[in-house]
Amino acid sequence: MKENGVVYLVGAGPGDPELITEKGLSRLKHCDAVVYDSLASDLLLREVSADCEKIYVGKRAGSHSMKQEEINRLLVELAKKGLSVVRLKGGDPFVFGRGGEEVLALNKAGIPYEVVSGVTSAVAALASAGIPITHRGLSRSFHVMTGHTLSEEGTLPPDFDAFAKLSGTLVFLMGLGNLSLIVNGLIKEGKSGGTPAAVIESGTLPGQRIVRGTLSDIEERVRESGIKSPAIIVAGEVAALDFSSTAKAPLKGCRIGITGTPSFAGKLHKELTSLGGTVKHLLSLSLVSYKTGDRMKEAYKELSGYTWITFTSANAVREFFSGLVECGYDYRAVGHVKFASVGNGTAKELLKYGFRSDYTPENYQVRDLAEGLRKLISGKDRILIPRSSRGSRELNQILQETEAAFDDVVLYDVVSQTPDAGKEDMAIEGLDYVTFASASGVEAFFETGGQQEKEWFNNVKVVCIGDITAEALERYGRNADLVAEVYSVSGIAQAICSDWE
Ligand code: SAH
C-alpha cells in the first residue's frame, strides 16, 4: 500500500493574487493536486506545475457545487493515493472557511496535514478600501461575525445584542443578504443611526467597489449601487475614514492579457501589476535549446575566428553563455569579441555576464541593428549570430550586402508550452490589451487556437514589443495598435500607460 500523502490547507488571501503568503505559494508550486473554490484567484492556479491536478469544488452561498462532506472525502482520497494536496481557500482557512471540518476529517482518516494561514478579507478588504480596522482614539478593537446564519428564522442570534454593544469596529462576513436585519438590529440594540458604515465588494480585486454611509442610509445606498457578493459590511467610527492608497496606479482598472516565456511574462506581470493593472496569462511559451547541439558546438570551437557576436534577444545571450560553459569552454573564449545587441534588455542581460554591448541601436529594431552594424564592420570581420529559429531574416539580408562574413546559427526555438490550451484559458474577452513579445509568441498564439478569437480582437488593443513582432501579427490579418518604442518589459508597460491615460 502506498504511504499517505499530505494535505496543506492554504489560505489564498483576500483575492489579489499577490496577497498569498510565500509559504502558501511554495506549497502550491510543489503540490500534485489542488482543490480550490471560487474565492481563490485563477491567477494563483497558474503557479502549479504542469502535471498538477486541478479540482474545482466551487462554493458560494446558495449554490454549493460540492457538499462539504464530499470535499472532505475528496481530500482524504487524494492523500491516500500518496499525493501532496493543496486545499486552497479564500482568505484564511479558519475564518469562516470550514477549514476546521476538513482538519477533523483528515485527522479521522489519519492523514497528515498542515495549515498555512492566509490574509483574511475581514481585515484586508477594509485596508484596501482605505478603512483602518482600528484607529487610535476611534476604535480599540474589532469584531468579526458571520451574517450568514442570522436569517434562518429571520431573527438575530441571541448573542447579537452583546455584539452590537461593543464599541469597536464591527465586521460582518457573508452578510449582504441580511443587511437590513443587521443594520436594524444594531440600531435596535442601541447603536446610533448616524454610526458610519460601509460595504466593500470584491475587496483587493480589480472590481472592488465601496459604498459608504451610516447605519440609517447604508441599506438604500447599497441597493442603489447594486453591490454584489462577496461583500463585507463594516460598522463603526472608522468606516468614515478614507486612507486609500495614494501611490500612483496609472493602469488602475486596466486588464491586460500577456503572452511570453515564463521569465518574460513574470517580469511583465510584476511591472504591470505594480502600475495598478490586472494581468491574465494567455499563453505560456517555452524555450527549446540547441545550445549543446552540433551547430553550436562547432560555433563555440571556432570562436577565435569571430570578431563580432550579435544578439537579438536576452534569451540568446543566456543560452549562448550557458552553452559555452556546458560545452567545456569559459568566458575567455570571447575575450577578443565585440558584441552587438538589439536593445536595452539584451544589453543588460549581456552585462550580467560581465560584457558590455559594443553596439546597441537607438531604436531597438533588428533593421536598425543591421544598419548600424553595417557601418562598423569591414571585409575583415566575421560575425556570429546565434538566434531563435523564428528570428528575423532582415539582419542576414542587410549583412549580405556587406563584405563581412557571417554565420547564422539556430540556438533555440520558442514553442507553446500548452499545445492543448483550452479556448477558455486563451479567451481575450473582457481584456483591454493583449501583448506579444516576439514573432514566435504571435505564431504560437494563433497556432494554439487563438484564431478562434478573431472577432474579439476587434475589441482589444494589441501591443507588440517591436516591428518584427508587429509584422508577424500582420501575417494573421491584424495590425498592432501599439508598438513599444523601447524593446523591453518597461517599453511595453510605457506604451500601455500612455495609451490608457
Ligand atoms: N476565509 C475567508 C472568508 C470565507 S467566508 C477569509 O478569511 O476571507 C466568505 C465571505 O468572505 C464572503 O461572503 C464575504 O463576506 C467575505 N469575502 C471574502 N473575500 C472577499 C473580498 N475579496 N471582498 C469582500 N468580501 C470578501
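**Ground rules.** I worked from a predicted model in which local features need pLDDT of at least 70 and side-chain atom pairs count only at pLDDT 80 or more, while totals for chains, interfaces and linings use all residues. Residues are numbered from 1 along each chain as its sequence is written, and side-chain values use heavy atoms, with hydrogens and water left out.

**Domains.** I looked up how the protein chain is divided and found domain 1 (6-119), domain 2 (123-240) and domain 3 (247-501); the bounds come from an automatic or database domain assignment. Taken over C-alpha atoms, the centres of domain 1 and domain 3 are 37 Å apart.

**Sheet.** I traced an open sheet of five strands, ordered E3-E2-E6-E1-E7 with parallel pairing. Strands E3 (53-56) and E7 (113-116) are the edges, each pairing on one side only. Strands are DSSP runs of E, at least two residues, and helices are runs of H or I, at least four, numbered from the N terminus; two strands pair if DSSP finds at least two bridges between them. E2 (residues 33-36) and E6 (residues 84-89) share four bridges, and Ala33 stands opposite Val85 in E6.

**Thr273.** I placed Thr273 in helix H9 (residues 262-274). Thr273 is buried, at a relative accessible area of 18%; buried means under 20%, exposed over 50%, partly exposed in between, with a 1.4 Å probe and protein chains only. Apart from neighbours within four places in sequence, Thr273 is in contact with Glu18 and Val279, contact meaning heavy atoms within 4.5 Å. The side chain of Thr273 reaches the backbone oxygen of Lys270 at 3.2 Å.

Methods
A polar contact is a pair of N or O atoms within 3.5 Å; within protein, one must be able to donate a hydrogen and the other to accept it, and residues adjacent in sequence count only if both atoms are side-chain atoms.
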